[in-house]
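Trainee: Could you walk me through this one? I'm new to it and would like to go chain by chain.
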Amino acid sequence: MAEQQAKWLSCAEGGAGSEPGSLVRFARLEQLLDWGRANSLWPLTLGLACCAIEMMAAGAARFDLARFGAEVFRPSPRQADVMIVAGTVNWKMAGPIKTLYDQMLEPKWVIAFGNCAISGGPFVFPGQYAVVEGVDKLFPVDVHVPGCPPRPEALIEGILELEQKITGTRRWPRVKTA
Amino acid sequence: MSPGHPTDSSVSAAAPRETFVLNVGPQHPATHGVLRLKLTMDGEYVLHAEPVIGYAHRMHEKMGENRTYVQFLPNPSRIDYLSAMHYMHAYVCVVERALGIEVPPRAEYIRVITSELNRIASHLVWFGAFLLDLGAFTPLLYAFDDREKILDLLEAVTGSRLTYCYYRFGGLCNDVDEQFIEGTRAFVKHMRGRLGMYHKLVTENLILRKRLEGIGVISAELCRKYGATGPVLRGSGVPCDVRKLEPYSVYPEFEFDVPHFAEGDCMARYKVRMEEIAQSLRIIEQAIAKLPPGPVMAEKVPRVIKPPPGDYYFAVEAARGRFAIRLVSDGTEVPYRLKLRTPSFSNLALFGEAARGLLMQDALALLGSLDLVIPDVDR
Amino acid sequence: MILPEPYRLIAYLVGALAFVGLNAAYLVWLERKVAARFQRRPGPTEVGPAGLLQPIADGLKLLGKQFVVWPHADRVLFRLAPAFVLAPALMCLAVIPFGHALCARDFNLGLLLVFAFGSVNVLAILLGGWASRNKYSVIAAARVVSQNVAYEIPMLLVVTTLLLTAGTMNLRELVQQQAGGVWNWNLVKVWVNPLMPVLFLIFYVCMLAETNRAPFDMAEAESELVAGAFTEYAGMGFGLFFMAEYANIVVGASVATVLFLGGWHSPVGVMPGTFWFLVKLYALVFSVMWVRWTFPRTQFYRLLNLSWKLLIPAGLGALLFTALILKLR
Amino acid sequence: MVAAIKEFCLGLHSLATGLAVTLEQFFRRPVTVHYPWEVLELPARYRGHIVLVRDEQTGRLRCIACKMCERICPSDCIVVEGAKLPGESRKSVTEFKLDFTKCSLCGLCVEVCPVDALAFSKRYNLASTRKADYESMDLCELAKAGDAK
């Protein structure tokens, strides 16, 4: 068990910059592709716990992820671009979720949705044996959306944040909150 | 019209057949979360189904032994996040029973209203997700639309949309206002109309009826064998409801029926849940009409919760069936043992036997009709 | 048209290619918009005005995505299948008369060609599913083949019945016979054959099944078979399957328009033109989407039962009945 | 036979009603709130992460660093430090760190506070590329930033 955990943890260290490197790059073309990628983020259908319901709510009519072209939930990791880790990941699930991440094809992104995915959330206590304390220990995470569970708006905000990360600019206004 | 299902004997009698193992999950759209099913298949027939659980284990019982009674308050709502109110209800009630606290009537009435609203919300999520399993996408969004209306009401009172931490030992953390009551009244009216629409769009639909009628029959005997409760048991013709059998809170003061259908197929379970939404609306209507004034918090609640040593038990009817907590106290601030009896676990247990011989499509419809919440299975 | 034959054909095929490409891209957009409206939400709005740039973003994304043939898959067939799935749909469009003069290749056995090429697309999905070496893909591929074989029969029976009264397999002539207003369309010519509306209904159901659309979407039964035959495909490989689905809908709807809805003729009898063809075509496409976003999926065995036990006997009955009428008349 | 035909007709009718229901919805107005452009009004009791409250009269943070919240928190996500300012009888807060990534928004800290020094914020749309943004939120700093606005 401990060995397995250490193995998975070591995988994540290679981390950041998930895009495959290529020798020749075309600035304009890259920009165009990035625009395409940012506006067509197809998430993987992966619901783990409570937050998955809020993820479904974000796709439902009131919040409608479709407006940003991100409503095409793909059940097959091959066709998904962004993995929304919505819920608690425990060590039994760590293997499968790592496999899913590896099965997704480049370029790919990860949104850690909810406190459990970010750091294990309320399930962390001294001597706990089950919960992975943050999926960033398993693979690089691009956007963190805190909350328990976060509101669907927060997921939309996470997607916008990710788009900003991909294209470098933000097209939408920022919502001021008290 | 249904094809002959190969039983075990017919399989062994035939020439050597090639079977294969289909691994459904842990990430699969039909498993609603991180359940894994190992299906041994002969073509499209399921010969043997084995649920593999534990992918969403979150140590709730262990946490119960590690923290004080108050600190465990956020946990019950995360065991089964879809019926958070019921789980909170069971937890605060078991502690109240241990401490011998009398809860003011207004608090009990509000608990019933919020619990029943939560039950409707839970059934709506099930309705949407089940139809998504069957390949219909649109009802999911209609159901979520209605659910948002409930969430608005509950959020205004509790401050959160899903994992409410609202009940306290001895009452509630805050009172409801006139706006909530007006909103609930309006919702009851709205939901009655929408139920009619759901029946027109879904229940009467030929394709749906053909997909559910006579599929995945679960007998009362099978339910008894595995301890299945809730809509699954009621779909097998047993009018078993904790609210009627072991009345708690102020449920005895309301008139409502326990819907049950004898067929035991997916359609029966579907109809039970749809009928339960209507019954919940009835209860809410009565509770609002009778809502007494007064405080929402008992006066004599000790600041430090230290129940006398003993063994306490409390069961409620959650959206998925009987949820019970057994609390063993050793007189300290921390429970000695907190055993959770979750309905999804028992309901899932019968899947292996019930799915045998079904076609894969029907087996997944059966799985959907059990209405599982995986963290509730794994705890 | 003054261009010599080979050039004309090439020009038309390029045109057809553009038409299919545009249609596929924008039918996806339309589908997302229509689905959204049925579900009381706006659908794509933020990418370009009214989300019109959404298909372009999707296309770019798919083009820029890694395409991996995983080690256990059949390398050649896995790559071939996506190309193989789109080509037949293109070929079908070559004989469909969009307007009085707008037809790439107008020849006497046009209808036969459409059905011949129309059947190829099944093979492509079978190849894709089988070459993937994924259990879900193989199950889906097997389902698709038995489904399409089952539904080809009633479809051809219906068409044969229609041909008994029409007497030609030339698509342009078929349209010409329906000139002069809505009462001359094959759909409402009950005095020629009282079974016409029934024939259309059978044809429509078969069309849904042949194009693997809900409630008969066994190829991509998302909630059961992950992504069905396309589970292992990523990037543009998946994109081509996606495009082919819409190209097939266009072909199916075009054939239905030609056979039953009077092709390019206007319903009031004046001002015929390609415009009317497109209106009818897209109305049919809309109805296909409407059905998809309303109904749940059927069971696989019921789907086959429907064909073998209901549609084929009904088709045979209709054929016999029509033959009798023609003989007695 | 008659029953079969009747059922067939009823089935067709049910399909038609289904189509009619969705068509009716098709022509209704969408219910969507266009989030970055328009926002939903949050209820007064909405629970975001906690923030420190200032006293209306003195303008100082109400917190007296009694550490009740730190003790009751189920997830150990609050760290409070306080010191007695010269010439004062009660302590005042010098550091209030919140690990929001562990919080379960149960509200126990707000309820237990003897001087009502804690309140829920309305920040519901947090998202960041950096985990550190939420791992140790300095609520004193946040309160200052809130004043500056």
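Trainee: How much of the contact set in chain A with a separation of 6 or more comes from residues 24 or more positions apart?
Mentor: In chain A, 76% of the contacts with a separation of 6 or more are between residues 24 or more positions apart. Contact means heavy atoms within 4.5 Å. Keep in mind that this is a predicted model, where local features need pLDDT of at least 70 and side-chain atom pairs count only at pLDDT 80 or more, while totals for chains, interfaces and linings use all residues. Residues are numbered from 1 along each chain as its sequence is written, chains are lettered from A and ligands numbered from 1 in the order in which they are written, and side-chain values use heavy atoms, with hydrogens and water left out.

Trainee: Which helices and strands does chain A have?
Mentor: Chain A has six helices and three strands, running α-α-α-β-α-β-α-β-α from the N terminus. These are DSSP runs numbered from the N terminus: helices are H or I with at least four residues, strands are E with at least two.

Trainee: And how much of chain A is buried?
Mentor: Of its 178 residues, 69% count as buried. Buried means under 20% relative accessible area, exposed means over 50%, and partly exposed is in between, using a 1.4 Å probe and protein chains only. Chain A exposes about 5800 Å², with carbon and sulfur atoms supplying 57% of that. Those areas come from the Shrake-Rupley method with a 1.4 Å probe, and for residues only the protein chains shown count as cover.

Trainee: I clicked on A:Pro140. Where is it found?
Mentor: A:Pro140 is in the loop between α5 (115-119) and β3 (143-145) of chain A. Its relative accessible area is 22%, so A:Pro140 is partly exposed. The C-alpha atoms of A:Pro140 and A:Ser119 are separated by 13 Å, and these two are 21 residues apart along the chain.

Trainee: On to chain C. What is its pattern along the sequence?
Mentor: Chain C reads α-α-α-α-α-α-α-α-α-α-α-α, with 12 helices and zero strands.

Trainee: How does the radius of gyration of chain C fit a compact globule?
Mentor: It agrees: a compact globule of 329 residues would have a radius of gyration near 20 Å, and chain C has 20 Å. The radius is taken over C-alpha atoms, and the globule rule is 2.2 Å times the number of residues to the power 0.38. Along the principal axes, the C-alpha atoms of chain C fill a box of roughly 65 × 45 × 45 Å.

Trainee: What about burial and surface there?
Mentor: Buried residues make up 59% of the 329 in chain C. The chain exposes about 12300 Å², and 76% of this is supplied by carbon and sulfur atoms.

Trainee: Which residues does C:Tyr204 touch?
Mentor: Leaving out residues up to four places away in sequence, C:Tyr204 touches C:Leu284, C:Ser287, C:Val288 and C:Val291. C:Tyr204 lies in helix α8 (residues 196-210) of chain C, and its relative accessible area of 14% makes it buried.

Trainee: Switching to charges: how many salt bridges are there over all chains?
Mentor: The structure holds 58. A salt bridge is a side-chain nitrogen of Lys or Arg within 4 Å of a carboxyl oxygen of Asp or Glu.

Trainee: Which residue forms one with A:Asp64?
Mentor: A:Asp64 pairs with C:Arg41, with their closest N and O atoms 2.8 Å apart. The pair crosses between chains, from the loop between α3 (50-59) and β1 (82-86) of chain A to the loop between α1 (5-38) and α2 (54-63) of chain C. Both A:Asp64 and C:Arg41 are buried.

Trainee: And in chain B, what does B:Arg194 meet?
Mentor: B:Arg194 meets B:Asp146 in a salt bridge at 3.0 Å, N to O. B:Arg194 is in helix α7 (residues 178-203) and B:Asp146 in helix α6 (residues 138-158) of chain B, so the pair ties together parts 48 residues apart in sequence. B:Arg194 counts as buried at 8% relative accessibility, and B:Asp146 is buried with a relative accessible area of 0%.

Trainee: Is B:Asp257 buried or partly exposed?
Mentor: B:Asp257 is partly exposed, with a relative accessible area of 43%. B:Asp257 forms a salt bridge with B:Arg282, their closest N and O atoms being 3.3 Å apart.
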